[in-house]
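Student: I'd like a close look at one part of this model, the place where the two chains meet. Could you walk me through it?

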Amino acid sequence: MAGTVDALFIFLTLLSVVMTVAIFATVLFFATKYRRRAGVEAEQIEGSTILELAWSIIPMGIFIVIFVWGAVIFFEERTPPMASTEVYVVAKQWMWKLEHAEGPREINALHVPVGRDIKLIMTSQDVIHDFFVPAFRMKQDVVPGRYTTEWFRATKTGTYHLFCAEYCGTSHSGMIGDIVVMEPAAYDAWLAGGGATGTLAQNGSALFQQLGCPTCHRADGQGRGPNLVGIFGKPVQLEDGRTVIADENYIRESILAPAAKVVSGYKPIMPVFQGLVSEEQLSTLVAYVKSLSQAPSGAAGSSLTTAASSSSAMQNP
Amino acid sequence: MATAAAVNVDTERENYLNSTYGIRSWLLTTDHKRIALLYLVSITFFFFIGGFFALLIRLELLTPAGDLVLSDTYNKLFSMHGQIMVFFFLVPSIPAVLGNFLIPMMVGAKDLALPRINLISWYLYIIGGALMLHAMVLGGVDTGWTFYTPFSTSFSNTHVIEAGLAIFIAGFSSILTGLNIVVTVHRMRAPGLTWSRLPLFVWSMYATSVIMLLGTPVLAITLVLVVLERSLHLGIFDPTLGGDPLLFQHLFWFYSHPAVYIMILPSMGVVSEIIPCFSRKRAFGYSAIALSSIGIAVLGFLVWAHHMFVAGISLYSALVFSLLSYLVAVPSAIKVFNWTATMYKGSISFDTPMLYAFGFIGLFTIGGLTGLFLAALGIDVHVTDTYFVIAHFHYIMVGGAVMGYLGGMHFWWPKISGRMYPEFWGKLAALIVFIGFNLTFFPQFILGYLGMPRRYWQYPPEFQVLNVLSTAGSTILAVGYLLPMAYFLWSLRYGKVAGDNPWGAAGLEWKTSSPPPTFNFDYEPVVTWEAYNYHEIPAPEEVNA
Amino acid sequence: MSDTSVAVETHESEQEHLALRHHFVTVEQQRNSSHLAMWLFLATEVMFFGGMFCAYLIYRIWFYAEFAAGSRSLDITLGTINTAVLICSSLTVALGVRAAQMGKRKLLVVLLLLTLVLGLAFLGIKGVEWYAKYTEHHIPGSTFNVSDLVQDYPTLHIDPRHEQIFFSLYFAMTGMHAIHMIVGVGLFLYLTYKAWKGTYGPEYYTPIEIGGLYWHFVDIIWIYLFPLLYLIDRKPLH
């Protein structure tokens, strides 16, 4: 996507250069040609409706083109592909904590294989931060209290800057890191090299058991809580008649404040886990619930290539 | 103050400066012209403080490492630079100085509609300013001028409450100024002065005042809520307590976007006066320019969330705000085209005010065009929160608003003081400002696109060259700003005595003496001519010949 | 009027002087300017309160249950009485304007004093309500405790954090309103004093009019606050 973003940028730069030169040149030309000379009077001209219409409508037309072009890019930035590999990001003053779905954890660095769609699911432990990778033309605020997402597909190996781009206090400018894009083989080696702590979903499953969730959330549908198998990404009918999509934010909210969106036909008796689980633990639980809706072949997406790298952001209204 | 101005015999004539003496006659004045001067001194003071902070910022950024000040200090520097420049310099600058001074004269009145409210507004400004200074002396604020929550409410260890209250009070001052201007324009116009005969400066100031009236209160309540939240540990914006940080951003930007139009519309009004005068002809497209001012004021209230495209708003909100942002660009473009067209078949001279007007057109055009970049969703994702945005708004605020302000100060200085500034130095300063400004801020567009985030105390070494260029430019810019300070002061005693109308300008303010008498006119103005009647007014050279 | 003729003349010439300040050309111009100024100021006040109303409405939609419970915990009787008190005070103000127009100084003073009394009554009743909130530990901050509401409405599963937002906004909104009332009281103290001195009469009563406008506005804010804070969702909560 860096390419498509740059294309619009170049177009806008050219347009700006043309307009700037045109205005400068016209002003200079008029200033010279009509400079004050003895005996030469200025001509009083009221205006010209035709000109007013022309230089209102034509710019507006150009602006609409730019708007549509920018919107199309934005749509793509905001729409992660279905089979993206997920990485959970927790930002805190003043560092980035990242957890791969496959399990490894990183601080201030993210190793990814080239050509794979990566979707970042991010939240903050304290203030608003922003996950900014200039090389990928991607940026998204990381907000406490909810998940925001962005995605990319790196097309070239290398190491790229990661910056925090929302002012967050003393070490805002120190909250930087590296995105390390590797050949798939090198990535697999890196993956295997770290200590095996289990995938995010596996850890989530263990925590799910530990917290007693299966007591109510039974897979046979007989429990006091809804069956969680296959619900992720699907619409859910709520008690009050609303329908919501069971996305990351819904799962998260249902753990932290279960009474907010009670599923139709169930009582609001789920305990509140606010303050009892950390952000990292929440990520594992969300990953686990997601895994209950995925084909058994696992969470890792296919390592396809093609096209430019991309970036995006997704969020609730 | 100006009591020392009466040296030359010509200025011995009684005017607003020498009619009464003593500090009480100034501090308790209700004369709009004296209040304008009180504001002039105050905002200049704050301009230099804000400018000093800017210099420190640029000095720190000479090197990639943070080696001049601590990171916390740097964070305070950019925060207070922004707060002081926006709330204590730019917002009041033209409205409270030139607007206060000129609008009553431009409409043919003896004073603004509410003179005592005018004085109260200055005192509010001073109280707000004093609180701000106090907060600074105690250690400052480090939230950024944007006060984003939950950092400002729950995490910052600085004087957020005091700074918030200071800005609240200054905002109230701003509301009263706007109130006065709207009532004056509606009710105090001289007989024969219809709306379509008003100077375009008055139209711009009217539009500005409408924004001040309707927008500032929202900032006020937002700051109140932040202060309450911080002091009482409420949870309106704090996610750990169930609140929403984005609610703050919506409320904040609902004012702060129209605020940028408060800062630019008056300068546009100044340019609309200067260009006709130094082209000796009526403004091209008077109605278009006047209506564009109103259009900008109205549309400006509809685009606030374009500051939040990556903040976590929905895709559809983003689309709506992007489209509206393009809409609001159209009236500004219309103005630029009309000013340029005004020069067509004019009779153009290059006095200092005109040079500033040229500079305004060029720099505002660049700033406005880069706004098109930011309004494009796909591009904004990349360049928001980087130096690209900083460059964009400084091109408008400094390249546009400040140049308009300086142009206006030079244009009306003879009217205000009765003296001419030295033309050579005026032109030189204008040139230095233009060069220094571009050198300071153009590299920042590139820095932003390359990915340097804003509010960074330290940065990766590859950004250093552009930063050094920018800092070099800022020192030149500083010289350009110091020069007018010096020669305006010099001119009070040694400047050539200006007559009633040294520029041969149209407008009622030029039909009275320089400096004007306390009640503006020695007669009752009655207007029987259209605005910008330059076909009837001889050019200065012809008068002086 | 029962004043002596000299006093009448003094008052009349003072009124003329006040009715036409030096920078205005006609009395009409001054009067219209004052009115326009007050209306514009009230528009700014609408925007000021509007920010809070906006926040309140958004959170009401998000945290419906907690806000309903919070509303229920407010004293609707006192709220209704206060509404009546304010409406009556607006009546006395309007009658006061008429008294000034007709030159009835004593009546004007009485009506202004009544307005003051009613305004102070409002503030007093508000104080009583707030004190009740204090004893119930519903004031946000370190003493905040809504276990009573959680118990009273078990089916709602009240989240105390969200409840706290209701009360934060409740106190912010009624607090801001009360501050505006206090300013109004101060304003009317001044107006009463001046009225008693005979400053206002048929020639000049603009301050009464625009003071009245301000007072009516504060009243209208309350008329919005009352249903939004107290009356929404009075039906039985499931």
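How many residues does the contact take from chain A, and how many from chain B?

Tutor: Happy to! Residues are numbered from 1 along each chain as its sequence is written, while chains are lettered from A and ligands numbered from 1 in the order in which they are written. This is a predicted model, where local features need pLDDT of at least 70, side-chain atom pairs count only at pLDDT 80 or more, and totals for chains, interfaces and linings use all residues.

To your question: chain A supplies 71 residues and chain B 72 residues, with two residues in contact if their C-beta atoms, placed from the backbone, lie within 7 Å. On the chain A side, the elements giving two or more residues are helix H1 (2–33), helix H2 (49–77), strand E6 (129–133), strand E7 (138–142) and strand E9 (158–164). Here helices (H or I, at least four residues) and strands (E, at least two) are DSSP runs, numbered from the N terminus. H2(A) gives the most, with 14 residues. Sorted by class, this side of chain A has 37 nonpolar, 20 polar and 14 charged residues; Ala, Val, Leu, Ile, Met, Phe, Trp, Tyr, Cys and Pro count as nonpolar, Asp, Glu, Lys and Arg as charged, and the others, Gly among them, as polar.

E6, E7 and E9 of chain A belong to an open, mixed sheet of five strands, ordered E4-E10-E9-E6-E7; two strands pair if DSSP finds at least two bridges between them. Its edges are E7 and strand E4 (109–113) of chain A, each pairing on one side only. From one strand to the next, the twist averages 20°; axes are lines fitted to C-alpha atoms, for helices over the stretch in contact, and angles run from 0 to 180 degrees between N-to-C directions.

One pair to find on your screen is His111(A) with its bridge partner in E10(A), Val180(A). Helix H3 (residues 184–193) of chain A packs on the sheet there, touching E4 and E10 of chain A, and its direction makes about 130° with that of E4(A).

The C-alpha atoms of chain B fill a box of roughly 70 × 50 × 45 Å, taken along the principal axes.
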